[in-house]
Amino acid sequence: MEDVAKKANISRATMYRYFHNIDLLFMEATLDIHHKTSDQIFEELNDLPFEDRIFHIQKHYNELAKENEIVFRRYLSTVLSESITSKEQLRGARRVKSLNKALEPFKETLSNDTYEKLISISSVLMGIDSFIICKDVCNLNDEETEDTLKWALEMILKGLSFEGK
């Protein structure tokens, strides 16, 4: 960790504030290479309607999970072990940031409570966590997992009532 801090031109304290051990740093860096920022995802949305924005983000995070499943599983194992003793948030909440940025133009069409809950439940229905549950608990393959998660999000969006829509 000291060598990495030196190469990055930051203090050891700063390095340890963000990465509690070398395994966490390695896993985060490995995944970061494949991950798009919320700004990059937002650029892809152009003039997509509300629902299509959410599905686009879901597809991105599900493909990322599928293509990097082994690395994600190792990352989760490291983070979960670290979370037992750490009081800090160890995961980056990328899905939440991406959804907030993508849905911001539509925020006024929903109540604050509904908007916040939609961001949260949408995050639950994408990425490695939901992939692991579908595959390991429900015994679904990759295609069935993607179909099931998309269906669940479709059902939630069907249940929304937009003011002024």
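**Exercise 1. Work out the handedness of the crossing of helix 5 and helix 10, and describe how the two pack.**

Step 1: the crossing of helix 5 and helix 10 is right-handed. A crossing is called right-handed if the near helix is turned clockwise from the far one by less than a right angle, and left-handed if it is turned anticlockwise. Helices here are DSSP runs of H or I with at least four residues, strands are runs of E with at least two, and both are numbered from the N terminus.

Before going on, a word on the model: it is predicted, so local features need pLDDT of at least 70 and side-chain atom pairs count only at pLDDT 80 or more, while totals for chains, interfaces and linings use all residues. Residues are numbered from 1 along each chain as its sequence is written, and side-chain values use heavy atoms, with hydrogens and water left out.

Step 2: get the geometry. Two packed helices are described by the angle between their axes and the distance between the axes. Helix 5 covers residues 50-67 and helix 10 covers residues 142-159; they pack at an angle of about 155°, and their axes are 11 Å apart. (Axes are lines fitted to C-alpha atoms, for helices over the stretch in contact, and angles run from 0 to 180 degrees between N-to-C directions.)

Step 3: name the arrangement. Helix 5 and helix 10 are therefore roughly antiparallel. The scale is this: under 35 degrees is roughly parallel, over 145 roughly antiparallel, 65 to 115 roughly perpendicular, and the rest oblique.

Step 4: find the residues. Helix 5 brings Phe-50, Glu-51, Ile-54, Phe-55, Gln-58, Asn-62, Glu-63 and Lys-66 to the contact, and helix 10 brings Asp-142, Glu-146, Leu-149, Lys-150, Leu-153, Glu-154 and Leu-157. Contact means heavy atoms within 4.5 Å. Sorted by type, the residues of this contact are 6 nonpolar, 2 polar and 7 charged. (Ala, Val, Leu, Ile, Met, Phe, Trp, Tyr, Cys and Pro count as nonpolar, Asp, Glu, Lys and Arg as charged, and the others, Gly among them, as polar.)

**Exercise 2. Is Gln-58 buried or exposed, and which residues does Gln-58 touch?**

Step 1: Gln-58 sits in helix 5.

Step 2: check its accessibility. Gln-58 has 3% relative accessibility, so it counts as buried. Buried means under 20% relative accessible area, exposed means over 50%, and partly exposed is in between (1.4 Å probe, protein chains only).

Step 3: list the neighbours. Leaving out residues up to four places away in sequence, Gln-58 touches Leu-125, Met-126, Leu-149, Lys-150 and Leu-153. The Gln-58 side chain also reaches the backbone oxygen of Leu-125 at 2.8 Å.

**Exercise 3. Describe how helix 5 packs with helix 7.**

Step 1: these two pack at about 155°, with axes 10 Å apart. Helix 5 and helix 7 are therefore roughly antiparallel.

Step 2: helix 5 passes helix 7 in a right-handed crossing.

Step 3: on the helix 5 side you'll find Phe-50, Arg-53, Ile-54, Ile-57 and Tyr-61, meeting Arg-94, Arg-95, Ser-98, Leu-99, Ala-102 and Leu-103 of helix 7. That contact divides into 7 nonpolar, 1 polar and 3 charged residues.

**Exercise 4. Describe how helix 7 and helix 8 are arranged.**

Step 1: their axes come within 9 Å and cross at roughly 135°. Helix 7 and helix 8 are therefore oblique to each other.

Step 2: the crossing of helix 7 and helix 8 is right-handed.

Step 3: Arg-95, Val-96, Leu-99, Asn-100 and Leu-103 of helix 7 meet Tyr-115, Leu-118, Ile-119, Ser-122 and Ser-123 of helix 8. The tally for this contact is 6 nonpolar, 3 polar and 1 charged.

**Exercise 5. Where is Pro-105 found, and where does Asn-139 lie?**

Step 1: Pro-105 is in the loop between helix 7 (94-103) and helix 8 (112-124). Its relative accessibility is 54%, so Pro-105 counts as exposed.

Step 2: Asn-139 lies in the loop between helix 9 (128-137) and helix 10. Asn-139 counts as exposed because its relative accessibility is 66%. Although Asn-139 isn't a glycine, it has a positive phi of about 60°.

**Exercise 6. How many helices and strands does the chain have?**

Solution: the count is 10 helices and 0 strands. Of the 165 residues in the chain, 38% are buried.

Key. Polar contact = N/O pair within 3.5 Å; in protein donor to acceptor, adjacent residues only side chain to side chain.
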